[in-house]
Amino acid sequence: MAKPWIPRMHLWEIDDQPWFPSFLRAYVQTGLTHAWTVHIPILQPSSPATIVADILRRMLGASASQRTYIDFCAGAGGPTPSIERALNQRLASSPSTTNGNNVHQVPATASSGVVNSESQAASDTTPSYAAVADPKAKSTTVLDTTEDGDGQVQFVLTDLHPHVESWAAASKQSEHLTYVNHPVDAANAPADLLQQYARKEGSKKGIFRLFNLAFHHFDDNLARAILKNTVETSEGFGIFELQDRTPTGLLTCFIFGFFIFLIAPLLYWWSPVRLFFVYIIPVVPFVLVFDGLISCLRTRTADEVEALLRTCGAPDAENWEVHSGKEQFLWPCGYLNWIVCTKRSV
Ligand SMILES: C[S@@+](CC[C@H](N)C(=O)[O-])C[C@H]1O[C@@H](n2cnc3c(N)ncnc32)[C@H](O)[C@@H]1O
C-alpha cells in the first residue's frame with residue numbers, strides 16, 4: 001500500500017481530555033456509535049459495522065467461530081453490538097468456511113488499495129445507546145461464562161471509561177454480548193478477563209481483540225505495550241478505523257459533521273438537551289469533526305502497525321500474519337481501513 005504523503009502526527013483529541021465534561025463525552029461517543037451503525041441506502045452498501053463483520057468472517061474463516069471477541073476500547077458500544085449480531089448471523093447461515101485470504105496484500109484490482117466489499121446490507125438496526133455511563137457504578141465484573149455449543153460467538157465490551165448503562169442496554173438485546181463494568185486499560189488487561197477466555201491447552205478457543213476507532217489513540221510506546229500484551233494472550237486482533245491520512249479521509253469528517261446536523265432531530269428528538277448541544281451550542285458536531293480530523297492525522301498504515309508489532313518485544317511477534325485492506329462505507333469518499341492480525345498456526 002502506498003505511504004500516505006501526510007506524516008503521522010500524534011496530536012490531542014478533545015474527547016480524550018480529562019477536563020471535557022463526561023456528559024458531553026457520552027454524547028460524542030453516542031455520535032460515533034451512530035456513525036458505525038447507521039445505514040443510509042444508496043450512499044452506503046451497508047453499515048460500517050456490518051462491513052467489519054464481513055471482514056472478520058472472510059479473514060478468520062473457520063476460526064471465526066472459535067474466538068471470544070473482546071472490544072478493548074468500546075466507548076458507548078460503537079459497532080460491537082452490531083458486529084456481534086451480523087457475525088453470528090453469518091456463522092449461523094454458513095458455519096464452516098476456509099480462509100482464502102492473502103497475507104498483507106490487497107487484490108490487484110485495487111490500485112488505490114481498495115477492496116470492494118461483497119457484503120450486502122444486513123438487517124442491522126440502530127440500537128439506542130442513549131444512556132450515559134455512571135462513573136460511580138459499582139466496580140464488579142459482569143461476565144458471561146457460557147461455552148457456546150451452537151457455533152455462536154461471545155463478545156465482551158470493555159473500556160478505560162466504561163459506559164455501563166449503554167452496554168447494559170445493548171447486552172439485554174443479545175445473550176452473546178457481555179461487558180466489564182469497571183475500567184479496563186487496554187495496556188494492562190486484567191488477568192481474570194484474559195484467563196477466562198484465553199486459549200487453554202487442548203482447546204481451539206481463544207481471544208480476538210477488537211480496536212474500533214481506537215488504535216490511533218495510542219502513542220508508539222503504548223501501542224507496542226498493547227501489542228505485546230495482545231500477542232502474549234490472544235490469537236488475533238483487528239484494528240478498524242473509519243478514517244485515514246488522506247485528503248478524502250479529512251473530507252469525510254466534514255461530511256460526517258454535516259450528516260449530524262441533518263439527522264440529529266431523527267436520532268435525538270426525545271432529548272432537548274442533546275439538540276441544544278447540536279444546534280444552539282454545537283459542541284457535539286464540533287468535537288466530532290475536530291477529533292475526526294485529528295484522528296485522521298493519528299491513524300497508522302498497516303505497514304506502520306506491522307513495524308510496531310514486530311518490535312513490540314513479544315518473543316512470538318514474528319509468528320503473526322498481517323492482513324489489511326480498505327473498503328468503501330460511504331459514497332463518494334468514506335473508506336473503512338482495516339488490519340487483521342492472526343497468530344500463525346504451528
Ligand atoms: C474514539 S473512542 C471509540 C469508541 C468506540 N470503539 C467507537 O468506535 O465508537 C476511543 C475509546 O478508547 C478508549 N481508550 C483510550 N485509551 C484506552 C486505554 N488505554 N484502554 C482502554 N480504553 C481506552 C476511550 O475511553 C474511548 O472510549
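Reader: What makes helix α7 roughly antiparallel to helix α8?

Author: The crossing angle. In this predicted model, the axes of α7 (residues 247–268) and α8 (residues 272–280) cross at roughly 170°. Angles over 145 degrees count as roughly antiparallel. Therefore α7 is roughly antiparallel to α8. Their axes come within 10 Å.

Reader: Which residues make that contact?

Author: Ile260, Ala264, Pro265 and Tyr268 come from α7. Arg274, Leu275 and Val278 come from α8. By class, the contact of α7 with α8 has six nonpolar residues, one charged residue and no polar ones.

Reader: Which residues of α2 and α3 meet?

Author: On α2, they are Ala49, Thr50, Val52, Ala53, Leu56 and Arg57. On α3, they are Ser82, Ile83, Ala86, Leu87 and Arg90. These divide into seven nonpolar, two polar and two charged.

Reader: What makes the phi of Ile42 worth a remark?

Author: Phi of Ile42 is near 75°. That is a positive value in a residue other than glycine. Ile42 sits in the loop between α1 and α2.

Reader: What kind of peptide bond joins Trp331 and Pro332, and what is omega there?

Author: A cis peptide bond, with omega about 10°. Pro332 lies in the loop between β7 (320–330) and β8 (334–343).

Reader: Which residues come nearest to the ligand?

Author: Leu32, Cys73, Gly75, Gly78 and Leu213, out of 19 residues around the ligand. Helix α1 (residues 22–37) gives the largest share of this shell, four residues. By class, the shell has ten nonpolar, seven polar and two charged residues.

Reader: How do you know where the predictor is confident in this chain?

Author: The chain has a mean of 85, and 84% of its residues reach 70 or more. Over residues 97–147, however, the pLDDT is below 50. That stretch still has 108 contacts in the model, beyond near neighbours in sequence.

Reader: What should not be done with the coordinates where pLDDT is low?

Author: Where pLDDT is low, the predicted coordinates should not be read in detail.

Definitions and conventions: Residues numbered from 1 in each chain as written. Predicted model: local features only at pLDDT ≥ 70, side-chain atom pairs only at ≥ 80, totals over all residues. Contact = placed C-beta atoms within 7 Å. Helix = DSSP H or I, 4+ residues; strand = E, 2+ residues; numbered from the N terminus. Nonpolar A, V, L, I, M, F, W, Y, C, P; charged D, E, K, R; others polar. pLDDT = per-residue confidence, 0-100. Near = placed C-beta within 6 Å. Axes fitted to C-alpha atoms, helices over the stretch in contact; angles between N-to-C directions. Parallel < 35°, antiparallel > 145°, perpendicular 65-115°, else oblique.
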